[in-house]
Amino acid sequence: MIKFYGYKRCSTSRSAQKWLKDHDVDFELQDLVEEPPKKEDLVKWMSEHQDRGLKYFFNTHGQDYRKLHLKDKVDRMTIDEAAELMSQNGKLIKRPLVVDGKKLTCGFNEELYQNTWL
């Protein structure tokens, strides 16, 4: 089952949910701000997809990212440090984060979703 970590006030999350529904893709929704993914899950995903780099997982346009000056820190961060931060503050995670055990996407792009989730 696909797990969809989104945020109800995020238009990108709403667009991605609509796309999945329109294409009859079943998913379980979890609000990543109210209930961020667990640190151990984030470590696992970042480790399995480390070819994308840590920045791929961060909401680099978010206020919390800017307030914490993470732009200057992400390149020196370990996976464990990044996962710790994100597990405590879901607004730091690029949304939506969609996983199914093998595949993972952050953000929403129709072509990417077409190639990954259909």
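Colleague: How do helix 2 and helix 4 lie relative to each other?
Modeller: Helix 2 and helix 4 are oblique to each other. On the scale used, angles under 35 degrees are roughly parallel, those over 145 roughly antiparallel, those from 65 to 115 roughly perpendicular, and the rest oblique.

Colleague: What kind of model is this, and which residues count?
Modeller: This is a predicted model, in which local features need pLDDT of at least 70 and side-chain atom pairs count only at pLDDT 80 or more, while totals for chains, interfaces and linings use all residues. Residues are numbered from 1 along each chain as its sequence is written, and side-chain values use heavy atoms, with hydrogens and water left out.

Colleague: At what angle do the axes of helix 2 and helix 4 cross?
Modeller: The axes of helix 2 (residues 39-48) and helix 4 (residues 79-88) cross at roughly 135 degrees and come within 8 Å. Axes are lines fitted to C-alpha atoms, for helices over the stretch in contact, and angles between N-to-C directions run from 0 to 180 degrees. Helices are DSSP runs of H or I with at least four residues, strands are runs of E with at least two, and both are numbered from the N terminus.

Colleague: Is that crossing left-handed or right-handed?
Modeller: Helix 2 passes helix 4 in a right-handed crossing. The near helix is turned clockwise from the far one by less than a right angle in a right-handed crossing, and anticlockwise in a left-handed one.

Colleague: Which residues of helix 2 and helix 4 meet?
Modeller: Helix 2 contributes Lys-39, Leu-42, Val-43, Met-46 and Ser-47, and they meet Ile-79, Asp-80, Ala-82, Ala-83, Glu-84, Met-86 and Ser-87 of helix 4. Contact means heavy atoms within 4.5 Å. The residues of this contact divide into seven nonpolar, two polar and three charged. Nonpolar covers Ala, Val, Leu, Ile, Met, Phe, Trp, Tyr, Cys and Pro, charged covers Asp, Glu, Lys and Arg, and the others, Gly among them, are polar.

Colleague: And how do helix 1 and helix 5 pack?
Modeller: Helix 1 (residues 11-22) and helix 5 (residues 110-117) pack at about 45 degrees, with axes 11 Å apart. They are therefore oblique to each other, and their crossing is right-handed. Ala-16, Trp-19 and Leu-20 of helix 1 meet Glu-110, Tyr-113, Gln-114 and Trp-117 of helix 5. That contact comprises five nonpolar residues, one polar and one charged.

Colleague: Changing topic, how many helices and strands are there, and in what order do they run?
Modeller: There are five helices and four strands, running β-α-β-α-α-α-β-β-α from the N terminus.

Colleague: Where is the cis peptide bond?
Modeller: The bond from Arg-95 to Pro-96 is cis, with omega near -5 degrees. Pro-96 is in the loop between helix 4 and strand 3 (97-99).

Colleague: Which element does Gly-90 belong to, and is Gly-90 buried or exposed?
Modeller: Gly-90 is in the loop between helix 4 and strand 3, and Gly-90 counts as buried at 3% relative accessibility. Buried means under 20% relative accessible area, exposed over 50%, and partly exposed in between, using a 1.4 Å probe and protein chains only. Leaving aside neighbours within four places in sequence, Gly-90 is in contact with Leu-32 and Pro-36.

Colleague: What about the phi of Asp-24?
Modeller: Asp-24 has a positive phi of about 55 degrees although it is not a glycine. Asp-24 lies in the loop between helix 1 and strand 2 (27-31) and is exposed, with a relative accessible area of 70%.
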